[in-house]
Every structure is written in structure tokens, then in C-alpha cells.
Amino acid sequence: MNNDFLPLHGTDYVELYVGNAKQAAHFYKTAFGFQSLAYAGPETGVRDRASYVLVQNKMRLMLTTPLHSDSPIAAHHKKHGDGVKTLALMVDDAYSAFEETTKRGGKPYMEPISITDEHGEVRMSGIHTYGEVVHVFIERKNYQGVFMPGFKKWESSYNPEPTGLLYVDHCVGNVGWNQMNPWVKFYEEVMGFKNILSFDDKDISTEYSALMSKVMSNGNGFVKFPINEPAEGKRKSQVEEYLEFYEGEGTQHIAIATADIVSTVKALMSRGVEFLKVPNSYYDDLLDRVGPIEEDLEPLKELGILVDRDDEGYLLQLFTKPVEDRPTMFYEIIQRKGAKSFGKGNFKALFEAIEREQETRGNL
Ligand code: FE2
């Protein structure tokens, strides 16, 4: 860790560009239990966009919408629909993060800047990654305000209960044919990440489709970015469907941690979040596959929660359906009980569930 040239303390925020941030913010409050945190827009002197920042425990979500058709945000939304623009990372020093990554080949997105208000200073900088996604480095150790300069506290009288979402566990990128390894190299060389796990098409294939994946992690494991690319199968894979409908590479899913997946998923479902469903037969031999677990099987089966085990423990996980009409970005809810892996034992059942959804969309 001594020679870690890009020390990261985790995900600072995830920013989505959306068609209507006011309505999206309502959805994330109502359905996911996020809380109102901060706002920037015409009322705060920003002329080209409105941004709503929501929070739940350590996870911050920013929803940004353009106010005019000639904005790059509007062009992004026209091409991709709603999707992730920024995976912002918490750093000690935004100036050095920029210098260290750009000198290793990172493409500049934002030159280092210092922004201040009466609550202190935030420094930030940024580089491009796959597709139109960017990493913004946020240094906030000298800031005591609610979010960052330029934003005002967002007071709301509508404050639905949180659902137990804690923090971003990992964010997965979908890249094009033969692009996984170049992006693995980018995370290794430009950001100092390590490839901690790899899956090939033999691990991740069903009767019809396949994909390959490599998991990239920073030194302390706080930031993990699996990178997927499609693999040859008999029919169109979920990654190909994503690339077609997102019209390019982009963030496929954001996994959010919970300490109690049964109560979190129950709450999300009761608020209208839709999840993928595996067949009930998945549970017939579950305990033979994963060994003893602390949870009762019945609620897991009722909610469709998946379980997998690795050398270090087990994990429970579940995936939402895409949260926009294009079959693009979705969320994963994950509870880790020692396991540091990503649910390889569930891939087949899960991808068959995704294919059933693709079939209903006419995209398999
Ligand atoms: Fe995941």
C-alpha cells in the first residue's frame, strides 16, 4: 500500500444523467428510501442543469438533468437514455490523483479545481473511463457543508423511511467486443488497480448466451469495478442487449450493500422495486450447494434471494430489473457474510432469468 499512487477511500457519489431529475429523485426516495440531501439548479445560480443529491447511509446518488437541448447532458441523454455519467471517488488529494493518473495515460476530463464556500473547500479533478463514463476525484477533508460548494441543502417535507441500503459495494461496466482486456489494463496501469477475479465464457454461459468478466479492485478493496464483455453464444447475450440499447459502453449495475437483505428486499418490493425471479427449484438443493447459513430458507425463497459461498464465507444477493425503459442499468442488493466474491454459483440461474426477460422484450 506504500506505493499506492491513488489511495481511495471509497465511492463519493454516483451521478446519473436522467431525463427528468425531479421525478427520478421522487422515485429514488419513494422506492429505494434515499433521503434528500442537496440541490443545485437555477435557484442556486446554475443555468444549464438541475442536480438533486440523495443519500442513504454512506451512499450518495446525484441525479442531473439538462435544462436546454443544446447541452452535452441533453446529448448524453438523447443517446443513452438514463444512465451513469460519474463514478466519483474519495481521495486525499485531487491534484495528485489527476497528475498520477494522467501521467500514466488517463484522459483528462476535469483539470484540478478548488471550489470554496463558507463551509470550506472541496478540490476535484477527473478522468475518462469506458464509454462516456468518468471518474471524478473528490477531496473533501476541508469541507464541513452538506455536500459541496454550489449546492444548497435540500429541505423536503417528504421523507420516506430508508430501506437499509448502506454503501456502494461495486459498479460493473459493460464494454464492447474485445474491450475487456484493454479496460483491465487501464485500471491496472492508470489507476493502480489489481485484477482479483476472472470469469470466462465457461463460467458465465447458458444454453443461449455468454459473457466474460474481470473484477478490478483498488488496494484496500473499497472500490471494485468488474468489467464485462460479450462472448459468442447461440443468441444475443445480455451485454449485447445492453450495448445495443445504451448505444455504447456504460455502467451495467451498481451493487449496494445491506446488513439485512431480507428486510431491505422486503421494503424495496413493498415500494414497487421489481426484481429478477429465479425458479423455485433453485432452492431445492441450495443448502447442499452452499452449506449451512444463518438465515431461514423460507423468506429467502419467498423473496427470491440468491446465496453463494466462496472460501471466505457466503453472500446473499438479488438483482432488480432495469430501472428505466431501455433494458440497460439495474441495481444489485448484496449482503456479504465473509465472502469477497460476486456470486459465481448464481450466474447460470440468474442469466437464465435475464434471458427470460430478454425473450419477452424480443431481444434474445
Ligand atoms: Fe454485481
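Analyst: The following account begins with the domains and their interface, and then turns to each sheet.

The model is a predicted one. According to the domain assignment, the protein has domain 1, covering residues 8-153, and domain 2, covering residues 165-361. The centres of domain 1 and domain 2, taken over C-alpha atoms, are separated by 25 Å.

At the interface, 44 residues of domain 1 are in contact with 38 residues of domain 2. About 3,100 Å² of area is buried between domain 1 and domain 2, and carbon and sulfur atoms give 64% of that area. Several elements give two or more residues to the side of domain 1 that touches domain 2. The strands among them are S1 (8-17), S4 (59-66), S5 (83-91), S7 (120-128) and S8 (134-139). The helices among them are H1 (21-30), H2 (72-80) and H3 (94-103). S1 provides the largest share of this side, with 6 residues. As for polar groups, 16 residue pairs are in polar contact across the interface of domain 1 and domain 2, counting pairs with both residues at pLDDT 80 or more. The count of salt bridges between domain 1 and domain 2, by contrast, is 0.

Salt bridges do occur in the structure, which holds 18 of them. One of the pairs joins the side chains of Arg 60 and Asp 12, at 3.3 Å from N to O. Because Arg 60 lies in strand S4 and Asp 12 in strand S1, this pair ties together parts that are 48 residues apart in sequence.

Strands S1 and S4 also belong to an open sheet of 9 strands. The order of this sheet is S6-S7-S8-S5-S1-S4-S3-S2-S9, and its pairing is mixed. S6 and strand S9 (152-153) each have a single partner strand, so each stands at an edge with one side left without a neighbour in the sheet. Ala 38 has Lys 153 of S9 as its bridge partner. Helix H2 packs on the sheet, where it touches S1, strand S3 (49-56), S4 and S5. The direction of H2 makes about 100° with that of S4. Ile 115 has Val 122 in S7 as its bridge partner. S6 and S7 form a hairpin, with 2 residues between them.

A further open sheet, made of 8 strands, has mixed pairing and the order S11-S12-S13-S10-S14-S17-S16-S15. Its edges are strand S11 (194-199) and strand S15 (306-310), each with a single partner strand, so one side of each lacks a neighbour in the sheet. Neighbouring strands here are turned against each other by 25° on average, direction ignored. Within this sheet, strand S10 (residues 165-174) and strand S14 (residues 250-258) run antiparallel and are joined by 8 bridges. Gly 173 stands opposite Thr 251 in S14. Helix H4 (residues 180-189) lies across S11, strand S12 (210-217) and strand S13 (224-231), and runs at about 5° to S12.

Methods:
Residues are numbered from 1 along each chain as its sequence is written. This is a predicted model: local features need pLDDT of at least 70, side-chain atom pairs count only at pLDDT 80 or more; totals for chains, interfaces and linings use all residues. Side-chain values use heavy atoms; hydrogens and water are left out. Two strands pair if DSSP finds at least two bridges between them. Helices (H or I, at least four residues) and strands (E, at least two) are DSSP runs, numbered from the N terminus. Axes are lines fitted to C-alpha atoms, for helices over the stretch in contact, and angles run from 0 to 180 degrees between N-to-C directions. Contact means heavy atoms within 4.5 Å. Domain bounds come from an automatic or database domain assignment. Buried area is the accessible area (1.4 Å probe) that two parts lose on being put together, summed over both. A salt bridge is a side-chain nitrogen of Lys or Arg within 4 Å of a carboxyl oxygen of Asp or Glu. A polar contact is a pair of N or O atoms within 3.5 Å; within protein, one must be able to donate a hydrogen and the other to accept it, and residues adjacent in sequence count only if both atoms are side-chain atoms.
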